[in-house]
Protein chains: 2
Amino acid sequence: MKLQQLEAFVWITRLGSFAAAAERLNITQPTVSQRISELEGQLGVAVFKRVGRRAHLTEQGRGLMPLAEEMMSLRQNILHKVANPTHISGTVRLGVAELVSLTWLPQLIDRVSRLYPGVTLELDIDLTENLWDKLHQGVLDTALLPKIIERPSFETIFLGDTHFAWMGSPSLNVPDRQLEPAEVAQWPVLLLSQHSNLYSIIENWFQDGGARMQRRALCNNLYSIANLTICGLGVSTLPTDLYQGEIERNELTVLQTDPPLPAVGYWAAYRPAESTNLAAIVARLAAECTTFSMADPTQ
Amino acid sequence: MKLQQLEAFVWITRLGSFAAAAERLNITQPTVSQRISELEGQLGVAVFKRVGRRAHLTEQGRGLMPLAEEMMSLRQNILHKVANPTHISGTVRLGVAELVSLTWLPQLIDRVSRLYPGVTLELDIDLTENLWDKLHQGVLDTALLPKIIERPSFETIFLGDTHFAWMGSPSLNVPDRQLEPAEVAQWPVLLLSQHSNLYSIIENWFQDGGARMQRRALCNNLYSIANLTICGLGVSTLPTDLYQGEIERNELTVLQTDPPLPAVGYWAAYRPAESTNLAAIVARLAAECTTFSMADPTQ
DNA sequence: CATTCTTACGTACTGCGTAAGAATG
DNA sequence: CATTCTTACGCAGTACGTAAGAATG
């Protein structure tokens, strides 16, 4: 019996098909078949019943699953507790909300590559909802994103709050006083796509203020939104920390609003019994990066 | 990281040398070296410090040991709980007190080979003390023997009591009444060797009765002692069940003694976290055999 | 100098991917 | 007919044993 066989078994069970497990493990699907048939041969029992083109767990398979998962987590335990970080190698599929990609991500990558030079990060920058979906599907190991609701099937680590403010080009001649939602609504709004977390925050902000926004554009790319804002095409909600430079150079003006925009909490999420607990390592490093950068933003 | 590597590591640590682990695992010593250097390479830390020609655990090695042992026992857990017994294979080194070899052993072998056809038993019939030593050394997986004192490092399963009686040839003209130790001492005694459990029992029996025996012969083989007894060379303590036939055929006579000989409890002993928990399986089967045979001695 | 671990090397085998096949919805 | 698993086959890397070497008590 080999660890690889159990690993294949675990991922087939989690993802529901041999093919999905193969993709997840970066091996071909026939190889997954082979690992399972070897496992079954050595145990002397079938762990999957092949009904049609779908594989379901047999009774024995259901018994095996918790033990195999324990095996996987024990392996990772060994790697954590006794292995030299320099020699840990593997790939972490890291989903990143775009805002994070614009702030802490470079630090995180730097930190990972210094502490775990053998670890490769596969980045996927996407919108919040898509990231959760991919986490569930097992396509991602870890995601850095705003936590909307509790997801009991994942561990989460708090990363930090990000503060947003309405910003616009100085050419908009924004008055230097508190503005209410209805006043902000006089300018067209540049928004992140509906799948994003920020979209619903802004929608609520206007709704609660009894105003209706005029959407100038939806975009799935925050960086582009900032550019469009600088060009004077409308107002948008941007992270204040990130655009401090533009504000000081008078390329962007902050709109003082009442109520202010709520702070957005960001979290690292990962599967608790991750086959590679590199997922957890990266999540923890991410948390370190943000506390670090919040204490000393120049770093 | 592979299970084989951890297995080698565990056995080196238990037995204290690469060579001993190699013998234990039925592989060559260079192969053990290779497995360890691979393990160390993949963990990026040395688990043994090679001081002189002796290998001692490093700090990381000490951390690894409990995790590796847990891994081994988890593997065996899987084999037990989900594997088909017919497909379980391996070798169990079974130490057997000679008395057991003369009574339950054939049943045990039969039972093992019927339930676990893939399992090979390597029998080692020896005296009690030697069996304990070999268990400690890791040469044996399981031993069936009288339990003299508590051995906290082993699990034990009670097998049953065996009753002994003084026996002699009818040619000795044993009187048909209760004999005291001093009277038994008139005949020369045929004894199991000093390393045996029976030896000390008999020595105590005479001592407590205030008598001194005349030792005719010490032998490490109970079967031979029985033969010598039948030939009239002296008296000996033999298991009553086993020699019922000889008694009925008037080849042996039972000496009625006061006090009678104490019953001897037999136990199966094995390492708790045995790398192959086949050790535990065999111990349990042994227990089943004896209860079986005591309920129905014809089987 | 015997014991113990390491290194070197040849061989046999295992495990993977590609490609083709079978089954199913 | 697209999707999913199985089978067949060839190649490459792995893992073992033998043999020789180094170190030590």
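## A sheet in chain B

Leu94(B) has Thr142(B), a residue of β5(B), as its bridge partner, in a model that is predicted. Strand β3 (residues 89–97) of chain B and strand β5 (residues 142–146) of chain B run parallel and are joined by three bridges, where strands are DSSP runs (E, at least two residues) numbered from the N terminus, as are helices (H or I, at least four), and two strands pair if DSSP finds at least two bridges between them.

These strands belong to an open sheet of five, with mixed pairing and the order β4-β3-β5-β12-β6 in chain B. Because β4 (118–126) and β6 (155–162) of chain B stand at the edges with a single partner strand each, one side of each has no neighbour in the sheet.

## How to read the model

Residues are numbered from 1 along each chain as its sequence is written, while chains are lettered from A and ligands numbered from 1 in the order in which they are written. As this is a predicted model, local features need pLDDT of at least 70 and side-chain atom pairs count only at pLDDT 80 or more, whereas totals for chains, interfaces and linings use all residues.

## The surfaces near DNA

Around DNA strand D there are 20 residues, the closest being Phe18(A), Pro30(A), Ser33(A), Thr31(B) and Gly52(B); a residue is near a strand if its C-beta atom, placed from the backbone, lies within 6 Å of it. At least two residues of this surface come from each of α2 (18–25) and α3 (29–43) of chain A and α3 (29–43) of chain B.

DNA strand C also has 20 residues around it, of which Thr31(A), Gly52(A), Phe18(B), Pro30(B) and Ser33(B) come nearest. Here α3 of chain A, together with α2 (18–25) and α3 of chain B, each supply at least two residues.

## Where the chains meet

The contact between the chains takes 23 residues from chain A and 23 residues from chain B, two residues being in contact if their C-beta atoms, placed from the backbone, lie within 7 Å. On the side of chain B that touches chain A, α3 and α4 (59–82) of chain B each supply at least two residues, and α4(B) gives the most, with 12 residues.

## Contacts of Ala286(A)

Leaving aside neighbours within four places in sequence, Ala286(A) is in contact with Trp104(A), Leu108(A), Leu144(A), Leu159(A) and Ala268(A).
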